[in-house]
Amino acid sequence: MSLPLKQQPAWKALEEHYQKVRALHLRTLFAEDPTRGERFTLEAAGIYFDYSKNRLTTETLHLLQQLAEVVGLRQRIDAMFRGEKINSTERRAVLHIALRAPKDQVIIVDGENVVPEVHAVLDKMSIFADRVRSGEWKGFSGKRIRNVVNIGIGGSDLGPSMAYDALKHYSDRAITFRFVSNVDGTDFVEATRDLDPEETLCIVSSKTFTTLETLTNARSARDWCVRALGSEEAVARHFVAVSTNEQEVAKFGIDTTNMFGFWDWVGGRYSYDSAIGLSLMIAIGPERFREMLAGFHEMDEHFRTAPFERNLPVLLGLIGVWYNNFFGAETVAILPYDQYLERLCAYLQQLDMESNGKHVDLEGRVVDYQTGPIIWGQPGTNGQHAFFQLIHQGTKLIPSDFIGFNKSLNPLGRHHDLLMASFFAQTEALAFGKTEEEVIADGVADFQVPHRTFEGNHPTNTILADQLTPEVLGKLVALYEHKVFVQGTIWNINSFDQWGVELGKVLANRIIPELESTQEAILQHDSSTNALIRRYRQARRQE
C-alpha cells in the first residue's frame, strides 16, 4: 500500500459518504425500497446471508468494494493461496487452506507441494481414530479407551473444544471427551475427577512441546496416570502428541510413532482442522471429519473465486469495516441460535482478536484508525435475557451477527419454531424499533412512553443455513477466518502473528522462581507488582 490508509482517495470517499448517510434510518431505507430484503442478500456455499438490515446503501457497498480493490485485497488473497510468505514478521506462509485441500490440489511452499504431506497426516489420524473408536487401541492394563482428554491451550484447545460441542450430535457417546487448558489446577482436577486412568487417553497438543500451561497440565496428567497404573511404561499407551518436537515428545515418554505433526505455516487459531483436531476426529469419526474439511474447502474456493460483490467473507468483512471505522463501533456481538454453538463466540474471540488486535501496520507505522473489534456474545435465546437490553436501548452501537438454522438436530415439539421466532423477531426489533407514536397507540401510560420507545436502527447480519452438520460448521468457520483476513488486509496489518501474547509469558517466567523460592528474593518490578508478590509469598508461608 503506497499511501497510508486514511490518505487513500477511496477512504476519503467513504468518509464523505458517511456524512451523507449517517442519519439514515433503516425504516426509511426499507420504506423507500420494498425489495431491499430480497436485493441485499447473497446465497453461496449453502449459506444464506441477509445484510439488508445494515445502515448502508448500494453506493456504500460500491465504495467499500473500491477500497478493497485499492488496498490490493484480490492480490493478497491470491498470494495466500499461492503459499507466499504473507506472514511477514515471521517470514511464513499462511496456509490453513491447505489443511482442507483435496488430494489432487497443488500448493507449493519453498518448492514443495505440501498437500500430500497434509493427507498423510490425515490418513495417520484416521487409522488411529478408528483404532480408538473400535476398541482395538487398549490401555496399559488391557482395557479399552473410554475417555479422551485433550490437553492444549489457545487454538489447541478452543478449536477442538468448540468443534466437539458443535458436533456433539454426531459424536460417539460411548467415549467421554474432556478439554483441559487452564494452568489453574482446578481445570485438570475437575476434568479428570470421575475418570479412570486405565481407560483414559490424553492427547497433548503443543507445536513446540514446551508451552508452559500445556506441559504443566500434561505432567500432572502423566503423574495421575503413572500413579494409578504403577509403571512409567503406561505413558506410551495413554498419551499421544500433536507436535513437531520429536525430541521433547520422546523425553516425555510418548512413542513418537504416535506423534501427529503439523507445520509452521499453520497458526494455532487456524489449526483445529489439522492434527490439532485429533480428539474431534475420534469423537465424530474420520468420515465426518472429512465432511467438515470439505465444507471448509467449499468456502475457501468461494472466497478465492467469487467477485467481491458476491463474496460472503468479503461482504461480511467490509460491512464490519464500515461500522468499525466510520461509525466508531468498538464491538461485534456473535449470536448463534443453536445450543451446540455455545463455544463458538469464545473460538471467534481468539480468531478475530488475536489476529487483528494490532496497532502497527505492515510497514511498522502506528495506525491512526481502529483495527480489530471486541468480539462477544452467547447463544440465543439466553442472550435475550441478559444483554440484549443494552443493544436495544443502550447508548452504544453494537453490530450483531445472528446465526441460525432452518432445522433442528433435536426436534422437540414447538421448540425450534419458538427459537427461530425469537431469531427473526430480534433482528426485526433491532432494525425498526418502536416509535413513540406506536407506543402511545398501544395505550401505554404517559409516564412509561419514553421507557417503552425503541429507537431501532441497530444493524444486524443474518446468517442462515439448513442444519448444523460437520460440513456446515466447516463453512461457517472458514467464513469467519476469511472475514478476519479481509479486515486485516483493509487495515494493512499482519493478521497472522501474535507478539502481544509473548510479553506476558516472558514476565511470568521471570516471576515463577520468585514465587517458588524459599529465600527472600530481591524484587525488581514496579512497586505494585513487588507488593503483590510479597503478599502472595507471605500467605503461602502461612499455609
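Which residues do ring pairs link into a cluster? They are Trp11, Tyr18, Trp322, Tyr323, Phe326, Phe327 and Tyr369. This is a predicted model, and it holds 30 aromatic pairs.

**Phe209 and Phe252**
- Phe209 pairs with Phe252 in an edge-to-face arrangement, with 85 degrees between the planes and 5.8 Å centre to centre.
- The angle counts as edge-to-face because it is over 60 degrees.
- Phe209 belongs to the loop between strand E7 (200–205) and helix H9 (212–229), while Phe252 is in helix H11 (residues 246–252), so this pair ties together parts that are 43 residues apart in sequence.
- Both Phe209 and Phe252 are buried.

**Tyr323 and Phe327**
- Tyr323 and Phe327 make a tilted aromatic pair, at 5.4 Å centre to centre and with 50 degrees between the planes.
- These two residues sit four apart in helix H14 (residues 312–327), which means that about one helical turn separates Tyr323 from Phe327.
- Tyr323 is buried, as is Phe327.
- Tyr323 and Phe327 are also among the members of the ring cluster, along with residues including Trp11 and Tyr369.

**Charges over rings**
- Arg237 places its charged end over the ring of Trp137, at 4.0 Å from the ring's centre.
- Arg36 lies over the face of Phe40, and here the distance to the ring centre is 4.3 Å.

Technical notes
Residues numbered from 1 in each chain as written. Predicted model: local features only at pLDDT ≥ 70, side-chain atom pairs only at ≥ 80, totals over all residues. Heavy atoms only, no water. Phe/Tyr/Trp six-rings, centres within 6.5 Å; stacked < 30°, edge-to-face > 60°. Buried < 20%, exposed > 50% of the residue type's maximum accessible area, 1.4 Å probe, protein only. Lys NZ or Arg CZ within 6 Å of the ring centre and 35° of its normal.
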